[in-house]
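I wanted to look at strand pairing and then at the nonpolar packing.

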Amino acid sequence: MLSAVLHVASLTKSYGERPILRGVSFELGAGERAALLGPSGSGKTTLLNCIGGVDRADRGEVTVSGVGLHGLDSDGLARVRRTHLGTVFQFFHLLPTLTAAENVELPLQLLGVGAVERESRVRMLLERVGVAHRAGALPSELSGGEMQRVAIARAVIHRPALLLADEPTGNLDSTTGAQVLDLLAEVVRETKAALLMVTHSEEAAKRCERVLRMRDGELVES
């Protein structure tokens, strides 16, 4: 395996008396694409949230680019998300009052990147994902496919080591979804980011080198 970008070890999580994750362990290397499949309630979203620092595991370890999440406070987790993580959501989560370019630029603003470099990187990346002509449009003026392309650009503009995708094609038609999957694969190949994609789609999973299957809070196949 290439150098491990993501290390998950013996992760457990319960809500009350209900166990959600039962000792999940795996690693992802730089540039590796993995699909996370499983029925509803199997723990996929909880696992993704723990890896993304949105939720905390009860026990176990998550390490992203050598940084362990377990001992970090909320500010520390926010720093990891800003610097090492990018996330693509099913429903895009673009800020409705910002243009496409402004949505993509936001992570760089949060990192304190200078205005000239921000403008250059946003322009090049919007061209790369095929929506440069929509830079000044608000999300309400974009199609679903255009919004997801903008969301992918926003997720990788700060050059994260790990890209998390939660049902990235779940709100798109099959043709647009296939285009988005192609784009994700190309971006991962170019940036060498690791990709962990939660999906219900076997077709989407085929685009990844690895398939991780969950059932009842456990990885049952890798």
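This is a predicted model: local features need pLDDT of at least 70, side-chain atom pairs count only at pLDDT 80 or more; totals for chains, interfaces and linings use all residues.

β1 covers residues 4–15 and β2 covers residues 18–29, and nine bridges pair them in the antiparallel sense. Two residues sit between these strands in the hairpin, and there I found Gly 16 with a positive phi near 65°.

Then I asked myself which strand joins β1 through five bridges. It is β4 (residues 59–64), running antiparallel to β1. I jotted down that Thr 12 has Arg 59 of β4 opposite.

From β4 I went on to β5 (residues 67–68), where two bridges make an antiparallel pair. Val 64 faces Val 67 of β5 as its opposite residue. The β4 and β5 hairpin also has two residues between its strands, and Ser 65 takes a positive phi near 50° there.

On to the packing. The largest nonpolar core has 39 residues, and the members touching the most others are Val 104, Val 150, Ile 152, Leu 163 and Met 197. Among the elements that each supply at least two residues of this core are β3, α3, α4 and β7. I checked which element gives the most, and it is α5, with seven residues.

I followed up Ile 152: leaving aside residues up to four places away in sequence, it touches Val 88, Val 180, Leu 183, Leu 184 and Val 187. My last entry is another core, lying apart, with 30 residues including Leu 6, Leu 11, Leu 77 and Leu 162.

Notes: Residues are numbered from 1 along each chain as its sequence is written. Side-chain values use heavy atoms; hydrogens and water are left out. Two strands pair if DSSP finds at least two bridges between them. Helices (H or I, at least four residues) and strands (E, at least two) are DSSP runs, numbered from the N terminus. A nonpolar core is a set of buried Ala, Val, Leu, Ile, Met, Phe, Trp, Tyr and Cys residues joined through side-chain atoms within 4.5 Å. Buried means under 20% relative accessible area, exposed over 50%, partly exposed in between (1.4 Å probe, protein chains only). Contact means heavy atoms within 4.5 Å.
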